[in-house]
Amino acid sequence: MTVTPEIVDYISELSRLSLEPEEKASMTAQLEQIVGYMDVLTQLDTAAVEPLSHVFPLKNVLREDVVVPSRERAELLANAPVPDQEAFLVPRTVD
Amino acid sequence: MTWETVIGLETHVELATKTKIFCGCTTAFGGAPNTHCCPVCTGMPGTLPVLNRKVLEFAVKAGLALNCEITRYTKFDRKNYFYPDLPKAYQISQLYLPICRNGAVDIGGGKTIRIHELHMEEDAGKLVHDPWIDQTRADYNRCGVPLIEIVTEPDFRTAEEVIAYLEKLKETLQYLGVSDCKMQEGSLRCDVNLSIRPMGSDTMGTRTEMKNLNSFKAVSRAIAYEARRQAERIEEGKRVIQETRRWDENKDASFAMRSKENAQDYRYFPEPDIPPIELSEEWLQSLKDDLPELAEEKRARYQSQYGLPPYDCQMITSDKALADFFEALVDLGTAPKQASNWIMGEVLAVLSARALEAKDMPLSPKTLAKLIAMVQAGRLNRNTAVKVFEAIFDADADPEAYAAAHGLEQVRDTALVESVVDAVLADNPKSVEDYRSGKQKAFGFLVGQVMRQLKGQGDPKAVNEILRSRLS
Amino acid sequence: MNELLNCTALELGSAIRKGEVSIPEVTSLALEAAGTNPNNAFITLTSEAAMARAEELQKHLAEANSPLYGVPMAVKDNICVQDVPATCASKILGGFRPPYDATAWEQMLAGGAVSIGKTNMDEFAMGSTTETSFYGAVQNPWDSGRVPGGSSGGSAAATAARTCWYALGSDTGGSIRQPASYCGVTGVKPTYGTVSRYGLIAYASSLDQIGPLARDAADCAAILDLLQKKDPRDGTSLEMPGAGTLLQSLTGDVRGLKIGIPAECFGDGLDPQVRKAVLEVAEVLKRRGAEVQELSFPVMKYVVPTYYIIACAEASSNLSRFDGVKYGWRAEGYEGLTDLYQKTRTQGFGTEVKRRILLGTFVLSSGYYDAYYRKALQVKSLIRDAFRSAFDNCDLLLTPVAPTTAPHLGESLSDPLQMYLSDIYTVSVNLAGLPGLSMPCGRDDNGMPIGAQLIGPHFGEATLLNAAYGYQQDTDWHKKAPKGGARA
């Protein structure tokens, strides 16, 4: 697997990271090395193996539909980097 | 060239649970911004989702009613994207193993719409731009409100079919009690995928997706607009571009939404925080046994069991609360036809005059049954009963007490009626003579005279009978 | 060094309950030791709150309900303590004070714990050296030129340096066991699901688990007795059979215990001194009546790629919420929404975190999901099966914790792949959800501690701890403190 600068651009954009040219170059090389190493998995025949997302056979964990009082708004907003009395603020969003 | 329109629908329906899908915050509509929130639904670090049992139950009920296959082993997945209405930057949804698949909805006229899938997911928050500070405010009250998304196959050919489907969907979900389907509060929202192709062709054209359709009227107009727009483009030799368009109700037109600045790649993967769900046959059977009678079944039953006309059946079952009201009246001993007449007439009229929904009706079935029984027993005449109905409606007052307090009960004292009849006959020999010589009109005049003397409270049936026997 | 600082948490707890020492006395002793932040082990010291808590606990000493009542400890900075900054050693969480306690911390509070502060770590628990911290690297108390391991390096260093009696850490791919090994303390990564993750700031949700770093196996058992409890706020949490009885079950009797030695864990790439010390553990346990057998664990060469694919994929999603909108740090000078996101995340995350986010985004992205992420989930299934068959034949596995002892500061980060490969002995335990224990078993020529790992089947904590307890009856590696203890 070759990790191209285009792939790095694409995944940077998806993850909202903008790398400086130098950082991007070293990142591309490192990712290529790491992904190349990961390709060792292709040696394994897994055609008949079900993907395992949850390691425990735990299932049906449900809560009852009972209202719990919400938190004080001030407590929820207290950590916002831009203070406001009633909401989290962001630059104008396009529709 | 004649064109065929091909439409598929994605409908988001808010479930009528008390709490959100993954936390205990209320789902109540409205509320000041960010007051129906907690660390879980605002996506604070370290918090975890736990699935609301009712959401699963409601989604399965909806799937059963829409004739879907229910997935016995189902999971949640994360859909990753950045937007300020999504505080975790991923939406917990279902991609790989949705709860329901392959359903079908009969929309009448021999047409069936196939359901591709139905899945559970969480709603996002609301963004409101504040021009004063030129900033957008994010309100997370709606974050985590449970939704089901119902995706159809591209089976619609006309706007009428789409509306028939939406009406059927709304009726079904309301009957199940899984959603109130209020379009104005956004609890039923749909996106329309539309393409056109030459009539007779079996290949698909390029489709567009339309959003922001907030009423059946908007859906209908948007479909007509978009089909025309696409046809005009093709006829002008242009291509239809695959894009998302926003319907503007005021301008009666749709506009291409600015294509997202960033690439769309949602990187779905199984949600590690929520263990899978395995549905047992017993549980499914208990839900099936528990499904209420749906509108269509009620309509058929009202016709066959009560002999009501199709139109009455349609009207009464159009709203589950109304049908429940009707059935309560019948259970209280009211004749089905009487019950239906009152609902179709007075009840609907007063509801409409008060701008009330049937489910918010103050009048109880018990009170109306009592009033109808008084008419049947001859204690109130029909016209007086309507006046009583209007007077007692808002307070659900006792009709008997009201009639007594206002002296509205009919005179049922036969001796009194006979004496009044005798007096009227004695005072109107001319009319008696006219009647006997065959003038039917004279009989009406005599009835009128008797009723006047009884101050309108005579039982018309008794008055007629006594008059006739005296004149024969 | 004050003798009290050198005793175990259980010994101190006992002295407290007997009235030989007071809780405020030992708390101020710990705060004094931590005062100059030796080894840069702490990000936040909560001195005032700790003293107030100590006074309060002392008042209610008669109601002491756990053997650790009043014993001062420390909490890794990715575990939420209400109103105390939780930074995850990242710039991007600067200023964040969670309005809630992690369930695991609530459990400790209920058992009378006193926290003196939040410990340093690799940024978002991503690293094996505690050098990726925004708040600076942590030094190994045995040699300040070396790393303490990671990511729970602050918790390991504080415990080893006798700054506090024990600490909570978290382990996603070895983040408790490997620093415990490098710093010469005992650490346990519990069975997945037995300790609630609510309030643990997620790195990789399917692998993360909170656990103890302490002086010895008995201390770890006492801490786990408090920590392990099913939590309705964590859907992946499990009821641990026999939860709360680990300490009382310790006998040190290992007669008939079958210990498996996976051949693949003692091959190429393992430092001979580490190899010798770890195999010596088997000899000690054999002398106590255990049976030792070699076995094959054929999936070893696949565990590191499988781990990094799954961990990074989950991390890329878990860390998306850090965007400068709801909490933490926001970049300046942005234009528009996307720029706000990009500037905040690019400047707010360190290089290693960005590398893992990119890697995780890559393996989930359209066109690569099946080849990498889905494939890794399939291999994860094979790894689980390999452990299953191993545990058909034995009760515990004995392996090294890391291929070498602690490297020098600055040696590891330049070659990320090499650093990832050093996680080879620990990551499979997380992939399979198993309990793993790391305990000191020797020292190399430089005097640096060597650790041995015991791995048990699901819910095998009692067996693990009992074997370690037996081993520690006959050895004293766990009693050795770095020279001078805490150093500035």
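In which sense do β9(B) and strand β10 (residues 135-139) of chain B pair, and over how many bridges? They run antiparallel, with 5 bridges between them; two strands count as paired if DSSP finds at least two bridges between them. Helices (H or I, at least four residues) and strands (E, at least two) are DSSP runs, numbered from the N terminus. One of the bridges links V128(B) to R137(B) in β10(B).

A quick word on the model: it is predicted, so local features need pLDDT of at least 70 and side-chain atom pairs count only at pLDDT 80 or more, while totals for chains, interfaces and linings use all residues. Residues are numbered from 1 along each chain as its sequence is written, with chains lettered from A and ligands numbered from 1 in the order in which they are written.

Back to the strands: the open sheet has 3 of them, in the order β2(A)-β10(B)-β9(B), with antiparallel pairing. β2 (88-91) of chain A and β9 (126-130) of chain B are at the edges with a single partner strand each, so one side of each has no neighbour in the sheet. On average, neighbouring strands here are turned by 35° against each other, direction ignored (axes are lines fitted to C-alpha atoms, for helices over the stretch in contact, and angles run from 0 to 180 degrees between N-to-C directions).

**Where A meets B**

Chain B puts 43 residues in contact with 32 residues of chain A, contact meaning that C-beta atoms, placed from the backbone, lie within 7 Å. On the chain B side, β2 (51-52), α1 (53-65), β9, β10 and β17 (277-278) each give two or more residues. β10(B) gives the most, with 5 residues. By class, that side has 20 nonpolar, 13 polar and 10 charged residues; Ala, Val, Leu, Ile, Met, Phe, Trp, Tyr, Cys and Pro count as nonpolar, Asp, Glu, Lys and Arg as charged, and the others, Gly among them, as polar.

**Where A meets C**

Here 39 residues of chain A are in contact with 53 residues of chain C. On the chain A side, α1 (5-14), α2 (21-38) and β2 each supply at least two residues, and α2(A) gives the most, with 7 residues. The classes on that side come to 25 nonpolar, 9 polar and 5 charged.

**Inside chain C**

Helix α11 (residues 300-318) of chain C reaches 27 Å from its first C-alpha to its last, close to the 27 Å expected at 1.5 Å a residue; the expected span is 1.5 Å times one less than the number of residues. A residue is buried if 20 or more other C-beta atoms, placed from the backbone, lie within 10 Å of its own. Helix α13 (residues 351-364) of chain C is mostly covered too, with 13 of its 14 residues buried.

Strand β10 (residues 436-443) of chain C has 7 of its 8 residues buried, so it is largely enclosed as well. β10(C) pairs antiparallel with strand β5 (residues 186-189) of chain C over 3 bridges, and 7 bridges join β10(C) to strand β11 (residues 449-455) of chain C, also antiparallel. β10(C) and β11(C) form a hairpin with 5 residues between them, and G447(C) in the turn has a positive phi of about 80°.

Note on methods:
Two residues are in contact if their C-beta atoms, placed from the backbone, lie within 7 Å. A residue is buried if 20 or more other C-beta atoms lie within 10 Å of its own, exposed if 12 or fewer, and partly exposed in between; C-beta atoms are placed from the backbone.
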